[in-house]
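Here's a quick briefing to read with the model open beside you.

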Amino acid sequence: MIRFRLPRHFSFRALLLGAALTLSTSACDELPEKPAAREAVVHPHLMYRPEHKEIIRARVGREPYATMLTELRTKAAAEPREPLEVWDVGVWSENAHIAQANAVLAWVFDDKAAAEKAKTLLLTLDTDWDSNEHLDINIGMPRVLISYVNAWDLLSATPWFTPEESAEAERRILEVTDQFSTRFLDNPFFRIIGLVVTRNNHPIRTLAAFGYVALAFPHHYDADRWLNWAVSDIADLLGPDGKYVQADGGISEGPFYGQFALGPALPFLIAVDNTQSPQRLYERICKSRNPLPPWDDQVCVEGEPFVFENPLHSPLLRKTAEWLTAVRLPSGLRAHVNDSKTVSHVASVLLTGFGGEGYLLWDWLTGEERPMEMHSFFYLAPWYLAYVDDTVAAQPPAWKNRFFPDTGQAVFRSGWEADDLWFMLVGDHGAARRSIHNHADGTAFALYGYGEPLLIDTGYYKPNPLDNPVTMNHPSHNVVLVDGKGGPIRGLLNSWGDTDAFLENLIDGERIAWGEARMQYEGITVRRGVAFVRERYFVVADRIASEVASARDFQWRSHLWAGFDVGGAFAVTGQTVQIFREKGSLDAAVTSTVGAPIFVEPPYVPLKAPHVHQLLEQEIYAADHAVVDATVHAVAPDFLAVLAPYRTDAAAGSPDGRLTVTSLSAVKGAAWLVKGAWGEDVVWLREAGAPGTLQIPGGPLVTTDAQVAIAAVDGSFGLVADGSQLRVGSTTILDGDKAPIQVKP
């Protein structure tokens, strides 16, 4: 009897959806007939080609390749794990990595001892795969199959692998793959829960494994089907119409699971590039397509011949690599957006070997945390040796701010150093939102500064494998809540629940940059505008319209990286939430157009929302942080916040020192005066019908017709949202046609 351990993302809702989507009434699909034998190939031909031997030998005497080789030798020297009573994917993944590492050393350096160790591991691969207990074993199989296949391919290019040994290794790999195929491709239930419902990293990882085996053993009776299926699904999911990658390159399930998918996908694409003609015709396989939204407008014709345009060379994958760099935190890790824990830059550095930008190498090499990552999601050290190109300029990108409206993420940053400022605004819609690993976090933001997280996204805490993450819904994010509620909560699997949000009016600039996230929920429409001013502080202006005539509680929620388990300290002084940390601190000054808010900490229960977070990979690091709500009771209040980070030990008046943020009196509005080493700025939010003038005490009169106005008091620059005019004293900064956003300069 086969027993299954339920995965984190499994739910019995999958059973119901499986019944609705079942594509066959039989337990298994019929298998195709065995194709004609193919011509023999020259080994190696999958991970490496023969010419890579000299390329690698010439590289390993210099960095970063010397470190890669050291890592590979460490893996090769590791002790294999002992098999368990049942077939365990963790055991055989580790042994496959050890076999692969030794096979690389055997082929590149003519190392007989390494060849013997790799061969022993190949010839002792347990073929009792069906005894495994993991329902989602499919996503772990690329580690096993791709690595063992590479060991076989590399040993086949050495003198220490007899034809009989090669045939036995091939038999074992194919026996495992056949059982894997019978369960996940031929059985409708497993195919639906493993490939159809998800349409994310699951089919990508699963089919990369099948496709890799098919490339190695094209004479196998199922090889054509495996390869056609792999190419069909990966072409879709990594292409422009698969709803997984957005038009601007962002991946719907976020940077954590996006890199989880790319880990084995890029090795598979490299193997296709190394072994197949670009003109080869494949046959479309559609059995893992999902007929529900957002995929219901796709057209897939079963058996249709097509040419595979390898995403390895596509502009869209270059955009994805750009997005993965853009969402880099100052520490070098990726942003904790959607279901995400700690991860560094991994797979996309391989694109430097295929014309990718030099900043991909810089991104991989640098960072305070986990630079030169080789282990996350897929063991890529052997590929790095051959495909990471150190002739590209390893420099940070020339750009700083980056906007991804299709993905729903706007990133503002002052630079690429560990102590620079970083801010993300979220507003996703359509396919970018309809992903199993997506969070209900429209209009949310996060802020890092001076080497510290300050206002955080809460990451990925999922203590119950049969439920969604605790951190998935709006209260676990920095948003405006109405009577404690945000958008509709997310359901399980394809029950999306949440409503669309949209990024709009995106303007880049060094003195001032701007972006808006718009969303409707709880009878209100929120337009959250964010300004990054002088690359030094942030303004968050929330304009709210309500369909409900009665007053309700509106909470401007902030998740602080302080209090409880995370160290640091916080305090509420007047209208300001203060966060104090060792390297960087923050003053978050918050007010509203109906008066100063009351600051309230929501009820605290350990390891429960909204206080719980999990940003690290290990579950033991789930912990709690402080949460503060700036609360007003009104019909439709607007909020205006100035988020002013500073270097904790910087002297007052210095460029990185603490800013002075002072509340200004504004009728039917809210305003702040922000003073720093540069001088003074005014930030003003007006309700409809508010006076068009604002007096700065001891300073000039500010005049505008806009809803939001930001201006340097010396008149050198300014911004208006939903207006046309801005004057400071006698200086006219803007005087043009009314537009959503106007900026000078």
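Which residues of H13 are buried? They are Gly 358, Tyr 359, Leu 360, Leu 361, Trp 362, Asp 363 and Trp 364. Buried here means under 20% relative accessible area, exposed means over 50%, and partly exposed is in between, using a 1.4 Å probe and protein chains only.

Before you go further, note that this is a predicted model: local features need pLDDT of at least 70, side-chain atom pairs count only at pLDDT 80 or more, and totals for chains, interfaces and linings use all residues. Residues are numbered from 1 along each chain as its sequence is written, and side-chain values use heavy atoms, with hydrogens and water left out.

**Helix H13**
- With 7 of its 8 residues buried, helix H13 (residues 358–365) is largely enclosed by the rest of the structure.
- The cover over those buried residues includes helix H3 (65–77), helix H12 (315–326) and helix H14 (381–387).
- Just after H13 you'll find Gly 367, with a positive phi of about 125°.

**The whole chain**
- The protein chain has 14 helices and 29 strands; these are DSSP runs numbered from the N terminus, with helices (H or I) of at least four residues and strands (E) of at least two.
- For 745 residues, a compact globule would have a radius of gyration near 27 Å, and the chain's 28 Å agrees with that. The radius is taken over C-alpha atoms, and the globule rule is 2.2 Å times the number of residues to the power 0.38.
- Along the principal axes, the C-alpha atoms fill a box of roughly 90 × 60 × 50 Å.
- Buried residues account for 62% of the 745.
- Take the contacts (heavy atoms within 4.5 Å) between residues at least 6 apart in sequence: 68% of them join residues at least 24 apart.
- The chain exposes about 25800 Å², with carbon and sulfur atoms supplying 53% of it; areas come from the Shrake-Rupley method with a 1.4 Å probe, and for residues only the protein chains shown count as cover.

**Helix H5**
- In helix H5 (residues 112–122), the buried residues include Ala 114, Ala 115, Ala 118, Lys 119, Leu 121 and Leu 122.
- Looking down the axis of H5, its buried residues fall within an arc of 160°, so they line one face of the helix. The arc is that of the directions from the helix axis to the C-beta atoms.
- Those residues pack against helix H4 (89–109), helix H6 (141–155) and helix H7 (163–186).

**A buried phenylalanine**
- Phe 639 sits in strand E21 (residues 639–647) and is buried, at 0% relative accessible area.
- Ala 596 is 43 residues from Phe 639 in sequence, and their C-alpha atoms are 9.7 Å apart in space.

- Most residues other than glycine have a negative phi, and most peptide bonds are trans.
- The bond from His 43 to Pro 44 is cis, with omega near -10°; Pro 44 lies in the loop between helix H1 (13–21) and helix H2 (52–59).
- Another cis bond runs from Lys 744 to Pro 745, with omega near -5°, and Pro 745 is in the segment after strand E29 (731–744).
- Arg 534 has a positive phi, near 55°, in the loop between strand E11 (524–533) and strand E12 (537–546).
- Leu 607 has a positive phi too, near 60°, and counts as partly exposed at 34% relative accessibility.
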